[in-house]
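Look at the model first, then read on. The paragraphs below take you through it step by step.

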Amino acid sequence: MCSKLNKFASKTNILVMKNLNRIKVALVERNKTGKWLAEQLGVNTATVSKWCSNTCQPNLYTLDKIATLLEITTRELLSEDYK
């Protein structure tokens with residue numbers, strides 16, 4: 001799915017935003033790992049890695065679960081200015 005989105009974006013000259021989420025930052029701030037998050041969500045560690053590098057984005061339901069696990073709001077995960 002992510003590769004299809006990236007191909008579409010590049011073919012249509014859409015500017016793809018970087019750093020759409022702060023999952024990686026939130027994990028570091030809470031001394032958690034991508035492996036821990038993957039285990040909690042029941043997903044592959046490669047999937048979490050893609051979310052952390054902003055190659056792919058989790059759906060809204062998963063984003064809410066991530067926020068709950070990290071004890072922060074979804075707004076904190078999405079806002080670059082939120083600290």
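Contact here means heavy atoms within 4.5 Å. By class, this contact of α3 with α5 has five nonpolar, two polar and one charged residues. The classes work as follows: Ala, Val, Leu, Ile, Met, Phe, Trp, Tyr, Cys and Pro count as nonpolar, Asp, Glu, Lys and Arg as charged, and the others, Gly among them, as polar.

A word on the source: this is a predicted model, in which local features need pLDDT of at least 70 and side-chain atom pairs count only at pLDDT 80 or more, while totals for chains, interfaces and linings use all residues. Residues are numbered from 1 along each chain as its sequence is written, and side-chain values use heavy atoms, with hydrogens and water left out.

Now step back to the whole chain. The chain has six helices and zero strands. Both are DSSP runs, numbered from the N terminus: helices are H or I with at least four residues, and strands are E with at least two. Along the sequence the pattern reads α-α-α-α-α-α. Of the 83 residues of the chain, 28% count as buried. Buried means under 20% relative accessible area, exposed means over 50%, and partly exposed lies in between, with a 1.4 Å probe and protein chains only. Take the contacts in the chain with a separation of 6 or more: residues 24 or more positions apart account for 56% of them.

**How α3 packs**

Return to α3 and α5. They pack at an angle of about 120°, with their axes 11 Å apart. Axes are lines fitted to C-alpha atoms, for helices over the stretch in contact, and angles run from 0 to 180 degrees between N-to-C directions. The crossing of α3 and α5 is right-handed. A crossing is right-handed if the near helix is turned clockwise from the far one by less than a right angle, and left-handed if anticlockwise.

Helix α3 (residues 34-41) also packs with helix α4 (residues 45-52), at an angle of about 120° and with axes 8 Å apart. That angle makes α3 oblique to α4. Angles under 35 degrees count as roughly parallel, over 145 as roughly antiparallel, 65 to 115 as roughly perpendicular, and the rest as oblique. α3 passes α4 in a right-handed crossing. At this contact, Gly34, Lys35, Leu37, Ala38 and Leu41 in α3 meet Thr45, Val48 and Trp51 in α4. By class, the contact of α3 with α4 has five nonpolar, two polar and one charged residues.

**Buried sides**

Which residues of α3 are buried? They are Leu37, Ala38 and Leu41. Seen down the axis of α3, these residues fall within an arc of 100°, so they line one face of the helix. The arc is that of the directions from the helix axis to the C-beta atoms. The face turned away from the buried side of α3 carries the exposed residues Lys35 and Glu39. What covers the buried residues of α3 includes α2, α4 and α5.

Helix α4 has its own buried residues: Val48, Trp51 and Cys52. They cover an arc of only 100° around the axis, which puts them on the same side of α4. Their cover includes α2 (23-29), α3 and α5 (60-69).

In α5, Thr62, Leu63, Ile66 and Ala67 are buried. Their arc around the axis is only 145°, which puts them on the same side of α5. Tyr61 and Thr68 are exposed on the other side of α5. The buried residues of α5 pack against α2, α3, α4 and α6.

**Loops and single residues**

Most residues other than glycine have a negative phi. Asparagine 31 has a positive phi, near 55°. Asparagine 31 lies in the loop between α2 and α3. At 72% relative accessibility, asparagine 31 counts as exposed.

Asparagine 54 also has a positive phi, of about 60°. Its place is in the loop between α4 and α5. Is asparagine 54 buried or exposed? At 14% relative accessibility, asparagine 54 counts as buried.

Finish with glutamate 76, found in helix α6 (residues 74-78). Glutamate 76 counts as buried, at 18% relative accessibility. The C-alpha atoms of glutamate 76 and alanine 26 are separated by 8.6 Å, and the two residues are 50 residues apart along the chain.
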